[in-house]
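Welcome to this short briefing. Please have a look at the model first, and then we can go through it together.

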Amino acid sequence: MGFYSSLTVFTGLTVIAVMGVFVLTGMAGLFSFGQAAFMAVGAYVAGLLAIRMGLGFVPAVLAGVVASLAAGLLVALPVMRLRRDYFALATFGFGEAIRALLNQSVGITGGAMGLFGIPVVTQPWMVVGAAVWSVWLVRTLKRSALGRDWQALKTDEIAAEAMGVPTYRRKVEAFLISCGLAGFAGALFGFYTSYVDPAMFGWFRSAEWIIILFFGGINSITGTVASALLLSALPEFLRFVAQWRVPLYCGIVIATINLRPRGMFGDWELSLSTPGEVLKGVRRRRGLAQP
Amino acid sequence: MVLCFALAAGLAAGCGRRTETTERETGPIVIGNIQDLSAGASVWGQGLTNGATLAIEKVNAEGGVLGRELKLVSMDMRGVGTEAISAYHRLVDIERVSAIIGPPFSDIALALAPVTEQKRVAVYGYFMDERCTTPSPGRVWNFMFLGQPSCGEAARIIASYAMQDLGLKKFGVLFNRANAWSVAWIGPLVDYVIRNGGQVVATETCQWEDTDYKTQLTKILRAEPEALVFPNYLREIVVQTQQARELGFKGPIIGPNAFFVPFAEMAGKAADNIYFANNIDYGEPHLQDFIKEYRERFKIDPVAHAFMGWDAVMVIADAINRAGSTDPVAIAEALATTEGVPGLMDTITISPHTHRPVGMSLAILKIENQNYIYIGRKRAPD
Amino acid sequence: MLVQQLINGLSLGAVYALIAVGFGMIFNVLKFSNFAHGGVITVTAYAGYYVAANLGWSFLPTLAVAILVGGLLAMLVELVGFRLIRRRGGSVIFYFVSSVTIGMLLENLMVIAGGPTFYAYPDMLAKASYPVLGASVSTVNLVMLAASTLALVTLTWVLYRTRTGVAIRAISADTVTAGLMGANVDTLIGVTFFVSGCLAGMTGMLLGMTQTLFPQLGRVVVKGFIAAVIGGLGSLGGAVIGGIFLGVVEVMLTATIGSGWAPVLLFLILLSFLAVRPQGIAGVIAQEKA
């Protein structure tokens, strides 16, 4: 469990959660301030089941994901029909409520002192695998009919509705996928650190994920992944500037949003055919140069 | 994209392996320091780091340890557990530290404890929750050490003073339920009060986000306590004290070392009739050199944590000397048998069974008209 | 006890109301929730402290400085954080992220500027509290209540009785058309930010006086946001009612079920409120631009 492997794990978990935010915000245009709370739900449910009931790693992680899906449904059903601001507000309230709940239920969760003694199972390669899988999942979704519906309702909800897109249903689906991914990341997180406490899942973390998304480009999975890798590793290497770290980070984001609003990567996606296209381009250029 | 990620991961794994084999045999001996340097409790983190810096300079001026200089490498964990874990890994793998000074936060220490078992580099810190050093009775975290009286001891010291010396019997408590330290502090205090025939007439909680405590205070005051107990952080207790006075409470307020400087100045007129247990008092003769040097160097009064930083370096330097090497495991073993190291806060002897100091005293201070008055030192009753 | 708790609730509500009004101003014009407001609150609290503690100024001049700093800073925020987005016609999401980031930036700049110490304002008011019906009310809270009422009355007057006000309402309805009709959109939006910043300055200094000074002071802006939603986003009168309502409900919950459970119940109340009456108490749904 070296420095680089722990960095790999934390970065990988960020990638998983940010993929969820990509679906929700990047594709469906919705905002959640409470994603970290769904991560908390995943981590606590999986951890508690493992400690109290001796559940194995795989079923515990699955249960964590299911629990965060259920929590997501609870938030989504009443407010998803409303303005997007209200949805953001409801998710924020949910985040605070979850933290209060975790702090209050001392007998079950350990309260502010946190839950400890979760078996250490998660290995860096598992997280890398899970991150790759989640990227693949979101990429598949983006190319599916579902993905096109999301993008349609993000651009113009009324027009999308008129074209026959069940917007309410689609929005709930996008939210659930993002909750599931956050819960998944949370469960893996608990099994890595073996200790979780409510303070780890504040709204600051949710905001950070949104920043990562915007830095990379809200329409580009490639950009989002690259920015997740960069921005979650960057602070580690910026430790020498100590207190200027966060201001620097904010400055970068503000500059990006103002000067390069589509993010560092715009709509560009890396695909398996990209190297081929680049080669073709080179050949074409050479061909033009020759008479 | 997949490729990109795999590459990054591979790179990371590769680097990890390379650093494992590097030597620690030449150059300065590196001591790590994990503190909150930028977030909510940075006052304490900065103070601790400043104190440690002065101590390191002193040790180096006197010839260093094992003939080598000491070097302090500080990491900011912004009050977040995962950041502290990353910082720990980084200190161990990259900076190749011999031992680490830990933060005064129990929740952070609880997150670090399992990691230290794997990496085997000791953390000597100020996390007062007993579970940070002994996860369960009879078990001890091999690489976690506490350098001040635990929450239980500190709470018993001030509670026994309040009951025996001040003759108080009825207490009203307001504590931050989301703060692990508050929670760990209040439990033993309530236990002690009840075991000794006192009464806790009202217990209310608050949260980090709370900015107004009048609601809770109004409720507590209705139960007519003789004294109030605020085991919370500086910002909270300033407002809590002011609002309690505003609501007309004139009785004594008792609490933890958060009431030390700069509390009295911040709370203004409300800072009166307050008793608390602190690690040191500015008036104690053996501290004068340190306080003078600290004020000159940092242009500010030392917080209680500055003295902790100094002591941590002294105890670690002593352990390195006795271990006779910079091997972290040998140093951890030496830390467990620390005996009679003269520190600023008291003479430090660590119990090998609990990894906590034995019989360390605290200074009881009173705040009267915004002035700190030294009453005397006290050890924890059994 | 009940009277005291009601007064506690009103005091807390006054704070929320003041924030919600500043918040609502920006929402009216640009249709987004400006979280940078919290950052401005923090900075002004520090600015006020500097003047009061280091230069020894008394209450009113200090307040004037805090208000001025807040207004100018808010204009700067608009220039740096929102102007380019607006010129481009970027979506609400960009404003939102930009404002959250600027809030974070200002907070962290204060961490650096303030250094590792906490600060508290010197005692500036002759009397800290007044007895009312056997309960005690703090002077700062009275000032806050007065300030938010005054601010609201002034704002309403400006918005409905002056040329600038009419122009601001015009751009709030349709920026492009108002611009074509000869309104100087950049200036007017600048003015709106200035006014909202002045309110932030007032909030910041009064909060600093009641709660000591720390960089996270501005995070209370979230409560202002909730109050604004409850009141009806975009309605200034609604913001005040929403703020007072939220303050009283929060205090009553804390008094009955305790501060630990209050956020949970508050969340449930919020959910049901949104489900039943999403347009807010004031009942005006702010127009959403296509």
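How many residues of domain 1 of chain B are in contact with residues of domain 2 of chain B? There are 10 from domain 1 of chain B, and they meet 11 from domain 2 of chain B; two residues are in contact if their C-beta atoms, placed from the backbone, lie within 7 Å. By class, the domain 1 side of that contact has five nonpolar, one polar and four charged residues (Ala, Val, Leu, Ile, Met, Phe, Trp, Tyr, Cys and Pro count as nonpolar, Asp, Glu, Lys and Arg as charged, and the others, Gly among them, as polar).

Before going further, please keep in mind that this is a predicted model, in which local features need pLDDT of at least 70, side-chain atom pairs count only at pLDDT 80 or more, and totals for chains, interfaces and linings use all residues. Residues are numbered from 1 along each chain as its sequence is written, while chains are lettered from A and ligands numbered from 1 in the order in which they are written.

**Confidence**

- The model scores ipTM 0.80 and pTM 0.81.
- Chain B averages a pLDDT of 88, and 93% of its residues score at least 70; pLDDT is the predictor's confidence in each residue, from 0 to 100.
- Among the elements of chain B, the lowest mean pLDDT, 42, belongs to helix 1 (residues 2–20), and the highest, 97, to strand 3 (residues 99–101). Helices (H or I, at least four residues) and strands (E, at least two) are DSSP runs, numbered from the N terminus.
- Residues 1–23 of chain B have a pLDDT below 50, and this stretch has 27 contacts in the model beyond near neighbours in sequence.
- Chain C has a mean pLDDT of 83, with 95% of its residues at 70 or more.
- Within chain C, confidence is lowest in strand 1 (residues 129–132), at a mean of 76, and highest in helix 2 (residues 36–54), at 93.
- Residues 285–290 of chain C have a pLDDT below 50, with eight contacts in the model beyond near neighbours in sequence.
- Where pLDDT is low, the predicted coordinates should not be read in detail.

**Domains of chain B**

- Domain 1 of chain B covers 2–148 + 287–348, and domain 2 of chain B covers 151–278 + 362–378; the bounds come from an automatic or database domain assignment.
- The centres of domain 1 and domain 2 of chain B, taken over C-alpha atoms, are 30 Å apart.

**Strand 6 of chain B and its partners**

- Strand 6 (residues 170–176) of chain B is largely enclosed by the rest of the structure, because six of its seven residues are buried. A residue is buried if 20 or more other C-beta atoms lie within 10 Å of its own, exposed if 12 or fewer, and partly exposed in between, with C-beta atoms placed from the backbone.
- Strand 6 of chain B runs parallel to strand 7 (residues 199–206) of chain B, with seven bridges; two strands pair if DSSP finds at least two bridges between them.
- In that pairing, B:F175 has B:T205 of strand 7 as its bridge partner.
- Three bridges link strand 6 of chain B to strand 8 (residues 227–229) of chain B, again in the parallel sense, and B:V173 is bridged to B:V229 of strand 8.

- Strand 13 (residues 362–368) of chain B is mostly covered, with five of its seven residues buried.
- Strand 13 of chain B pairs antiparallel with strand 10 (residues 274–278) of chain B over five bridges, and B:F276 has B:L365 as its bridge partner.
- Strand 13 of chain B is also antiparallel to strand 14 (residues 371–378) of chain B, through seven bridges, with B:E368 bridged to B:N371.
- Strands 13 and 14 of chain B form a hairpin with two residues between them, and B:N369 in the turn has a positive phi of about 45°.
- B:K378 is found in strand 14 of chain B and counts as partly exposed because it has 18 C-beta neighbours inside 10 Å.
- B:K378 and B:L362 are 16 residues apart in sequence, yet 5.5 Å apart in space, C-alpha to C-alpha.

**Chain A and its contact with chain C**

- Chain A has 13 helices and two strands, and 60% of its 291 residues count as buried.
- The contact between these chains takes 33 residues from chain A and 37 residues from chain C.
- Helix 4 (84–104) of chain A gives the most to the chain A side, with 13 residues.
- That side of chain A has 23 nonpolar, seven polar and three charged residues.
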